[in-house]
Amino acid sequence: MKIMDTPAKIVGFLKQSPRTANDVSNFLGISRQATHRHLARMIANRQLVKMGTPPKVYYSVSIAHDAPISKAVEVDASTRQIIDDNFLYITPMGEKLLGWPGFVIWVTERRQDVAQMAVQYARVRSKYEQFKSHGLINGMTKMTTTFSEVALDAVYYADFYSVEIFGKTKLGQLLLHAKQSQDVVLMKEVIENIRPKVLDVMDMYDIDGVAFVPPTVKREWQFMKVLQKQLALPLRNVSLEKVRTPVVVPQKTLNKLNDRIINAEQTIVLTDRSVYGNVLIIDDAIGSGATMNAVAAKIRHSGICRGKLVGLAITGSANGFDVVNEV
């Protein structure tokens with residue numbers, strides 16, 4: 001009769017339902033300290049996933065535990081590196097699977113060939129990397145082709161929100177889930193990802209004032225407020241306020257460009273009367289660019305900015321970018 005090792009026993013027990021560390025300890029008949037050592041090791045090995053927050057913490061079997069063995073897939077080192085650097089799969093149960101392991105599971109679930117999809121993913125990423133310079137995507141051409149009057153002197157994205165075939169980028173997924181789940185830890189992860197890019201833009205343009213675009217939807221934890229606090233930039237803040245309308249209309253719900261422009265122009269108020277040199281405007285995402293451009297126009301027309309107005313978004317839409325298919 002085969003004797004099961006402790007990790008195998010834990011997996012078998014947790015496959016029935018998520019359990020607490022105390023449940024696992026009682027099931028195994030070992031001390032809490034020994035149980036926690038096993039659980040920590042199995043989490044590190046992607047066998048288990050930890051859910052909840054103290055005092056209600058549960059453990060469940062990771063989707064990666066029963067995933068197909070990816071070592072047998074032949075993919076060149078450069079392609080593998082692109083996937084490791086850029087791919088993130090957030091499972092239906094909220095588990096974050098970074099890089100190659102997550103890619104293999106994501107592709108396998110869609111019944112696609114892993115090697116072929118890996119090559120395709122590398123090609124798609126390469127197509128969009130052509131728009132990056134010093135790690136930033138220049139969105140100015142899109143702005144000038146979208147609006148007859150552009151108040152910005154420059155605008156950048158840290159990454160695109162999504163790409164064809166593979167959907168949301170790693171940064172796009174982190175941003176989406178951070179805002180929807182109100183997870184401050186995830187918000188801080190996004191912020192640490194984009195902090196170097198914010199500092200780069202500050203250095204490039206000798207920024208001395210920063211404006212954070214105010215959020216539309218009321219939430220307990222406002223991402224833009226957390227962003228402002230965590231970045232703690234050594235700059236003066238340009239004061240902007242979002243006016244509460246009888247019915248809150250988020251920008252993303254408006255399909256017509258003109259409606260987005262009206263929404264941004266009429267519901268964001270500049271309350272600052274200080275004088276600045278170059279001003280950086282930060283937003284979490286740029287879709288049409290209407291909000292960013294409207295905020296820039298308000299600052300420009302007020303006369304408080306004597307220098308350049310530069311926009312920076314964590315993610316931006318890839319629509320409107322002339323992508324070369326063969327790179």
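Me: What percentage of the 327 residues in the chain is buried?

Reply: A residue is buried under 20% relative accessible area, exposed over 50% and partly exposed in between, with a 1.4 Å probe and protein chains only. Here, buried residues make up 45% of the 327 in the chain. The model is predicted: local features need pLDDT of at least 70, side-chain atom pairs count only at pLDDT 80 or more, and totals for chains, interfaces and linings use all residues. Numbering starts from 1 along each chain as its sequence is written, and side-chain values use heavy atoms, leaving out hydrogens and water.

Me: How many helices and strands does the chain have?

Reply: Helices (H or I, at least four residues) and strands (E, at least two) are DSSP runs, numbered from the N terminus. The chain has 12 helices and 15 strands.

Me: At what angle do helix α9 and helix α10 pack?

Reply: Axes are lines fitted to C-alpha atoms, for helices over the stretch in contact, and angles between N-to-C directions run from 0 to 180 degrees. Helix α9 (residues 184-205) and helix α10 (residues 223-231) have axes 10 Å apart and pack at about 55 degrees.

Me: Which residues of α9 and α10 meet?

Reply: Contact means heavy atoms within 4.5 Å. From α9, Met 187, Lys 188, Val 190, Ile 191, Ile 194, Arg 195 and Val 198 meet Phe 223, Val 226, Leu 227, Gln 230 and Leu 231 of α10.

Me: What share of the contacts in the chain with a separation of 6 or more comes from residues 24 or more positions apart?

Reply: Such residues account for 69% of those contacts.

Me: What does the C-alpha trace span along its principal axes?

Reply: The span is about 80 × 50 × 35 Å.
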